Amino acid sequence: MQIGLRHVGARHVSPSRPRRVVMPLLTPRAKLVRLSVLASALVLTLIAGACAGSLRLPPGQVIRVLLHPQAQGLVHEIVWQLRLPRVLAAAAVGGGLGVAGAMLQMLFRNPLVDPYITGVSAGAALAACFGLVYGVTFTLIPTLAFAGGLICAGVVAWIGMAGTGNNNLRLVLAGVAVSALASAVITLLLLWRGAQNVSLLGWLAGGIQTQSWRQAGLVAAYLAAGLAAAFLLVRDVNLLRLGSSAAAGFGLPVEQARLRVLVVASLITAACVAASGIVGFVGLIVPHAVRRVLGGDARWLLAGCAFAGSSLVVTADLLARSLVPPIEIPLGVLLAFVGVPFFLAIASRPVDV
Amino acid sequence: MSDAVLKAADVSFAYGEQAVFAGLSLGVRAGRLVALVGPNGSGKSTLLRVLAGLARPGSGRVEAATRPALVVCGQTPPPDVTPRELAAYALSARRAAWVWRTQPQDESAISQALQRCGLAGYAQTPVSLLSAGEVQRAWIACALVVNARILLVDEPTAHLDLRFAVEVLELLRELTANGVAVVAALHDLTMAARFAHDVALLAGGRLSCGPPEEILEARALSEAFGVRVTTHRHPELGHVVCLPG
């Protein structure tokens, strides 16, 4: 990747051939500065998210209310009971999808992989459809989706890891096949029973539905555990990124490491899908964008993806509920409008993992 | 064989029903460079993986005095990785997963390894800007940095022109002077004769091992590779030169 490099002239010239000596532009200090910028951007978007809505609140007032959690009043109620859980849920989903996407792209060494390649979204959607069609109460849908997502990811992992040969390719193919089968069953269900089921369609389109503290807390706690596990896998991911034979040569138990990364990424994705339905593009574009800012080392990349993914989804959710009030644009739809041009712009330049 | 640091005794390996080799025995002593040669598909890479402990042999035993490092050359690392980072990753595989920072003693090990591989000036240069030979040497530096006493290298000269190939093989030969045992899978028989202490010819599931002039013999090579091979002597250096026809 030549971007972000600066030629500083030949310092050492061997007698027989001209040499280029190139220094990487990104020192650890520069990366730290950039990571801090991403973190600050997240704080700003969180505050903006708490300000925006059908009743627009000035940022100063929101910050005052946030600093005094014990106070009373209408604004206090709006910020603490309505806006904050929703904004935090959006941040959790965005951060989770960003990190899971980055992990999977490094695991598969494939820039086109997104968190849903593992079959998680298809399984979750299928389970949610069954639940809604058979009249399961809506509060149980996320749990069902989570279980369905994990089962599908498990099937994909099982097919992908079995046998010898190119496991990466087999995993991707298994993900595509399982997702296709699940989509077919969903279509059948929709034709048969679900045409009148608006909540199901809304869920499939993806969105941070009005979240209570209980829901938001559950998702946040779950994702915190997933992210902690992800950060324990940073070393594995960094080694797998070099290719499995190199990683094995260095002494990494490659198959176990691949399974660990896949399981943790699936868990994170399943939690995100359970909280928000299928929010596309975040897990695909965030790692690409952050890689350009912070480089490919997972130590920086995963942290950057957590911040950037959170900011992106909080901003998108903010737009989704404030562009044409009182209608809420589904988050997945909005992200596709933002994400596709961005993705095409990225795809027109050289892509690395 | 008794003072060998890496020993394989009666080792066999099969992919499913397909036997790759059977009943192989090999002993590598410290400070020796063994060139593993043989036709494509004869199982050189598989044998290296078995010797490295990464593939379990169907039968037989592999004993290594210390943990061997396997370097598979010819792979391109992600383009933004620098040789220093690559070496640091190699070290990280031997640390606890939650230790992210490179330790101070590791820093000096990395510098030394890069120095020995002639990469000191390019430690911070992304591999996308390095030549193929430099990338190859960066992989070898990864084995040095973990202080491997047994080094298994798969095709260290793949994709390299003559100059870089010589550079890499000279580096491997230098390592043996420090007591490292090296097994390198090579395709160029003359290079093997020039640089290796011993040659192991793997063909038809059988391994014959010995000094280059014994193993690199016209009839055996012709049989192994399925083309007529003649052997000659280098007029000045005296090593075997293998030529087709």
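What is the mean pLDDT of chain A, and what share of its residues reach 70 or more? In this predicted model, the mean pLDDT of chain A is 79, with 84% of residues at 70 or more.

**Packing of H3(A) and H8(A)**

Helix H3 of chain A packs with helix H8 of chain A, their axes being 9 Å apart and at an angle of about 25 degrees. Angles under 35 degrees count as roughly parallel, and H3(A) is therefore roughly parallel to H8(A). The crossing in which H3(A) passes H8(A) is left-handed.

| Helix | Residues of the helix | Residues in the contact |
|---|---|---|
| H3(A) | 74-108 | A:Trp80, A:Gln81, A:Leu84, A:Pro85, A:Leu88, A:Ala89, A:Ala92, A:Val93, A:Gly96, A:Val99, A:Met103 |
| H8(A) | 213-232 | A:Trp213, A:Ala216, A:Val219, A:Leu223, A:Leu227, A:Ala230 |

By class, the contact of H3(A) with H8(A) comprises 15 nonpolar residues, two polar residues and no charged residues.

**Salt bridges**

Over all chains, a search of the whole structure finds twelve salt bridges. One salt bridge is formed by A:Asp236 and A:Arg260, whose closest N and O atoms are 2.7 Å apart. A:Asp236 belongs to helix H9 (residues 234-240) of chain A, whereas A:Arg260 belongs to helix H11 (residues 254-276) of chain A, so this pair ties together parts that lie 24 residues apart in sequence.

Methods. Residues are numbered from 1 along each chain as its sequence is written. Chains are lettered from A and ligands numbered from 1 in the order in which they are written. This is a predicted model: local features need pLDDT of at least 70, side-chain atom pairs count only at pLDDT 80 or more; totals for chains, interfaces and linings use all residues. Side-chain values use heavy atoms; hydrogens and water are left out. pLDDT is the predictor's confidence in each residue, from 0 to 100. Axes are lines fitted to C-alpha atoms, for helices over the stretch in contact, and angles run from 0 to 180 degrees between N-to-C directions. Helices (H or I, at least four residues) and strands (E, at least two) are DSSP runs, numbered from the N terminus. Angles under 35 degrees count as roughly parallel, over 145 as roughly antiparallel, 65 to 115 as roughly perpendicular and the rest as oblique. A crossing is left-handed if the near helix is turned anticlockwise from the far one by less than a right angle, and right-handed if clockwise. Contact means heavy atoms within 4.5 Å. Ala, Val, Leu, Ile, Met, Phe, Trp, Tyr, Cys and Pro count as nonpolar, Asp, Glu, Lys and Arg as charged, and the others, Gly among them, as polar. A salt bridge is a side-chain nitrogen of Lys or Arg within 4 Å of a carboxyl oxygen of Asp or Glu.
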